[in-house]
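The following note sets out points for a colleague who has the model at hand. Each point takes up one topic.

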Amino acid sequence: MSILGNYVLPIVLTLIILIALYKKVHIFDVFLQGAKEGLSSTLSITPSLIGLVTAVAMIKASGALDIFSAVISPITSFFGVPSDVIPMALIRPISGSGSTALLDSILKENGADSLCAKIACVMSGSTETTFYAITVYYSAVSVKHTRHTVPSALFADLVNATVSIAIVIIFF
Amino acid sequence: MMNYIWSGMIIISFISACITGRMAELSNAILQGASNGITLVITMCGAMCFWTGLIKIADVSGVTRVLTRVLTPLLIKLFPDYKDNEKAKGAICGNIVANLLGLGNAATPLGINAMKEMSKTNPLRDTANNSMVMFVVINTASIQLIPTTVAMLRQSYGSNSPFDILPCIWITSIISLVFGIIMAKLLGRKSI
């Protein structure tokens, strides 16, 4: 399966180049044109990314997630949810690298085939970092009023966390 | 909205650090965070330029047009504001395909490309229209066919079958994606 994954990127790339060659496109010139646009896109999202990354680093360092987990855990453990996965559900929408680090420690402490590890894996594999996507996409086009984006995306995250827990408990 | 979320994160961090006594760590994180931000930007800049370059080749050679034709029925339903905008539909397609193939670092540049196309005909420049909201919501809940990071981590900690959670991951992401789309549609009925 992971070998298959290695093929995807080179195949996509080669396929596009072959088609472009067949259509007699000035491949490298066109590439440079496009790549230049990438440079200005990166520049336009830089300020907001720095802002977001700093705020996320602050949340992680302050222990806020531990406090939230401590508050939520009594309720969720009533429903048989392992308390180790609660911080995962909280950090997943905020930080991609943070959730990978947390996943690593859950796997280390509970073993890769434990129920808790499986739930954490499903949580982390089945969604994207919500606030990162929102920040990057809107700041690239300087949209200030995001309207119902955050409520809808967070609702999807809540569904995601709930389903992750339920499905692993049912399947395994 | 981001105004409140950003200030909320900072204020919550300060209060939490007061409670947990981790003020030194917090102080460190503020300085470190900002420089981590620029590292992230530099890291992603390469992929960004590469993929915007490649998508330009795909555009010029007509690959995007073919993809768009295949996905059009779906695109019209999800992004009605752009049902006659070929360029925007093409850009959206690129992003969706990259997401499905699990090309994480291609999906973001292609997504930005799509947002730019959508923004060109957006009547209110600083306000997202329903289709833009839908696009971002879909990207926050994106579907990965092969979640490599997760499987690799599980393998390295000695899992017997690191891929046995794949069906669970697929089902979970589809369910949450559908709920995200429904929520965005419902909330989008309110006029701007």
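1. A surface patch, as the term is used here, is made of residues with over 30% relative accessible area and no salt bridge, nonpolar side chains being joined within 5 Å. The model is a predicted one. In it, A:Leu115, A:Ile169, A:Ile170, A:Phe171, A:Phe172 and B:Ile171 form a nonpolar patch on the surface, with about 550 Å² of accessible area together. Helix α8 of chain A (residues 149-171) provides the largest share of the patch, 3 residues. A:Phe172 is placed in the segment after α8 of chain A; its relative accessibility is 38%, so it counts as partly exposed.

2. The interface deserves attention next. Between them, chain A and chain B bury about 8300 Å², and 76% of this area is on carbon and sulfur atoms. On the side of chain A, the residues that lose the most area to chain B are A:Met58, A:Tyr137 and A:Arg147, which together make up 9% of what that side buries. The contact involves 94 residues from chain A and 95 residues from chain B.

3. Polar pairing also crosses the interface. There are 26 residue pairs in polar contact between chain A and chain B, with both residues at pLDDT 80 or more. Several helices of chain A, including α1 (2-22), α3 (64-78) and α5 (96-110), each supply at least two residues of the side that touches chain B. The largest share of that side, 28 residues, comes from α2(A).

4. Over all chains, the count comes to 8 salt bridges. One of them pairs B:Lys56 with A:Glu37, whose closest N and O atoms are 3.0 Å apart. B:Lys56 lies in helix α2 of chain B (residues 23-60) and A:Glu37 in helix α2 of chain A, so this pair joins two chains. B:Lys56 is partly exposed, because its relative accessibility is 21%; A:Glu37, at 35%, is also classed as partly exposed. Between chain A and chain B the count is 4 salt bridges.

5. A network of salt bridges links A:Asp113, A:Lys118, B:Arg154 and B:Asp164. Within it, B:Asp164 pairs with A:Lys118 at 4.0 Å between the closest N and O atoms. B:Asp164 also pairs with B:Arg154, here with a closest N and O separation of 2.7 Å. The latter pair links distant parts of the chain, 10 residues apart: B:Arg154 is in helix α7 of chain B (residues 148-156), and B:Asp164 is in the loop between α7 and α8 (166-187) of chain B. B:Arg154 is buried, with a relative accessible area of 0%, whereas B:Asp164 counts as partly exposed at 24%.

6. Among the buried residues are A:Phe131, A:Ile134, A:Val136, A:Tyr137 and A:Tyr138. Their cover includes α2 and α8 of chain A, together with α1 (2-20), α4 (86-100), α5 (104-120) and α6 (130-140) of chain B. Just after α7(A), A:Ser142 takes a positive phi of about 45 degrees.

7. As to chain B by itself, it has 8 helices and 0 strands. Its C-alpha trace spans about 55 × 50 × 35 Å along the principal axes. Of the 192 residues in chain B, 49% are buried.

Notes: Residues numbered from 1 in each chain as written. Chains lettered and ligands numbered in written order. Predicted model: local features only at pLDDT ≥ 70, side-chain atom pairs only at ≥ 80, totals over all residues. Heavy atoms only, no water. Patch = residues over 30% accessible without salt bridge, like charges linked within 9 Å, V, L, I, M, F, W, Y side chains within 5 Å. Areas by Shrake-Rupley, 256 points an atom, 1.4 Å probe, with all protein chains shown as cover. Salt bridge = Lys/Arg side-chain N within 4 Å of Asp/Glu carboxyl O. Helix = DSSP H or I, 4+ residues; strand = E, 2+ residues; numbered from the N terminus. Buried < 20%, exposed > 50% of the residue type's maximum accessible area, 1.4 Å probe, protein only. Contact = heavy atoms within 4.5 Å. Buried area = accessible area lost by both parts, 1.4 Å probe. Polar contact = N/O pair within 3.5 Å; in protein donor to acceptor, adjacent residues only side chain to side chain.
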